Amino acid sequence: MKFSDEFETRFSQMVTHYPTKRSALVPTLLYAQDEAGFLSDEVIAEIAGRLELTELDVRNVISYYSMLTTKPRGKYNVQVCTNICCMLRGSDAIYGYVSKQLGIGHKGTTADGKFSLESVECIGACSWAPAMQVNYDFHENLTNEKIDRILEEYAAKK
Ligand code: FES
């Protein structure tokens with residue numbers, strides 16, 4: 001498994017910031033996923049070895065965090081929060097609208113590989129519900145008009 005020089009620099013600095021190697025697991029997984037697109041068996045084995053963990057330890061952490069994935073997904077991963085605060089502010093309709101606009105359902109990916117969609121638990125933006133996250137960007141106080149604008153912006157990105 002070969003990561004970029006940038007990853008290697010980040011990794012070697014990051015492990016010095018924590019009292020134990022294990023503590024660097026989540027950021028390492030995020031950097032690896034950003035680079036590889038998803039956390040393949042090969043990536044998991046590599047990271048487990050580097051951090052002196054079992055592959056099962058790594059998989060258990062991956063399964064806990066919705067932003068981590070072991071399967072390929074779209075370039076822009078749209079995560080619509082459907083937890084309680086967002087639900088009370090209409091997230092079911094928001095999720096339905098995003099799903100209709102993209103033509104995909106939960107865990108689906110558009111044919112062009114540009115978007116994938118997920119319904120997720122709280123993303124920590126309850127005060128601005130209903131909210132969604134696209135990769136690392138948060139979008140809040142969502143309306144159908146706002147969603148159209150947001151999706152158009154991502155679709156137009158190179
Ligand atoms: S419940 Fe949706 S962001 Fe917290």
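How many helices and strands does the protein have? The protein has seven helices and four strands. The model described here is a predicted one.

## Overall architecture

Read from one end of the sequence to the other, the elements follow the pattern α-α-α-α-β-α-α-β-β-β-α. The C-alpha trace spans about 45 × 30 × 25 Å along its principal axes. The protein has 158 residues, of which 41% count as buried.

## Salt bridges

Side chains of opposite charge can pair when their charged atoms come close. The structure holds six salt bridges. The table lists three of them, with the distance between nitrogen and oxygen.

| Residue | Partner | N to O distance |
|---|---|---|
| Aspartate 41 | Arginine 59 | 2.9 Å |
| Glutamate 46 | Arginine 50 | 2.7 Å |
| Arginine 73 | Glutamate 118 | 3.1 Å |

Aspartate 41 and arginine 59 meet in a salt bridge. This pair links distant parts of the chain, since aspartate 41 belongs to helix α3 and arginine 59 to helix α4, 18 residues apart. Aspartate 41 is exposed, with a relative accessible area of 53%, whereas arginine 59 is partly exposed at 30%.

The bridge between glutamate 46 and arginine 50 joins two side chains of helix α3; because these residues are four apart in that helix, about one helical turn separates them. Glutamate 46 counts as partly exposed at 22% relative accessibility. Why does arginine 50 count as buried? Its relative accessibility is 18%, and the term buried applies under 20%. Glu8, Glu46 and Arg50 are linked in a network of salt bridges.

Arginine 73 forms a salt bridge with glutamate 118. Arginine 73 lies in the loop between α4 and β1, and glutamate 118 lies in strand β2, so the pair ties together parts that are 45 residues apart in sequence. Arginine 73 is partly exposed, with a relative accessible area of 23%, whereas glutamate 118 is buried, with a value of 5%.

Glutamate 118 also takes part in a polar contact: its side chain and that of asparagine 77 make this contact at 2.9 Å. Asparagine 77 belongs to strand β1, which covers residues 76-81. Asparagine 77 is buried, with a relative accessible area of 5%.

## Aromatic residues

A pair of aromatic rings is described by the distance of the centres and the angle of the planes. In this model, the count comes to five aromatic pairs. One of them is formed by phenylalanine 3 and phenylalanine 7, whose ring centres are 4.0 Å apart; the planes meet at 25°, so the pair is stacked. The cut-off needed for this step is that planes under 30 degrees apart count as stacked. Both phenylalanine 3 and phenylalanine 7 are buried.

Tyrosine 64 and tyrosine 65 form an edge-to-face aromatic pair, with 5.0 Å from centre to centre and 85° between the planes. Are these tyrosines exposed or partly exposed? Tyrosine 64 counts as exposed, at 65% relative accessibility. Tyrosine 65 counts as partly exposed, at 30%.

Phe3, Phe7 and Phe11 form one aromatic cluster. Phenylalanine 11 also has a charged neighbour: the charged end of arginine 50 sits over its ring, 4.9 Å from the centre.

Ile84, Met87 and Leu88 make a nonpolar surface patch of about 310 Å². Isoleucine 84 is found in helix α5, which covers residues 84-88. Isoleucine 84 is partly exposed, with a relative accessible area of 45%.

## Backbone geometry

Most residues other than glycine have a negative phi, and most peptide bonds are trans.

Which peptide bond is cis, with omega near -5°? This is the bond from alanine 129 to proline 130. Proline 130 is found in the loop between β2 (115-120) and β3 (132-134).

Glutamate 52 is not a glycine, yet its phi is positive, at about 55°. Glutamate 52 lies in the loop between α3 (41-50) and α4 (55-64), and it counts as exposed at 62% relative accessibility.

Asparagine 135 is likewise a residue other than glycine with a positive phi, near 50°. Asparagine 135 is placed in the loop between β3 and β4 (137-139). At 33% relative accessibility, asparagine 135 counts as partly exposed.

Terms used: Residues numbered from 1 in each chain as written. Predicted model: local features only at pLDDT ≥ 70, side-chain atom pairs only at ≥ 80, totals over all residues. Heavy atoms only, no water. Phe/Tyr/Trp six-rings, centres within 6.5 Å; stacked < 30°, edge-to-face > 60°. Buried < 20%, exposed > 50% of the residue type's maximum accessible area, 1.4 Å probe, protein only. Lys NZ or Arg CZ within 6 Å of the ring centre and 35° of its normal. Patch = residues over 30% accessible without salt bridge, like charges linked within 9 Å, V, L, I, M, F, W, Y side chains within 5 Å. Areas by Shrake-Rupley, 256 points an atom, 1.4 Å probe, with all protein chains shown as cover. Salt bridge = Lys/Arg side-chain N within 4 Å of Asp/Glu carboxyl O. Helix = DSSP H or I, 4+ residues; strand = E, 2+ residues; numbered from the N terminus. Polar contact = N/O pair within 3.5 Å; in protein donor to acceptor, adjacent residues only side chain to side chain.
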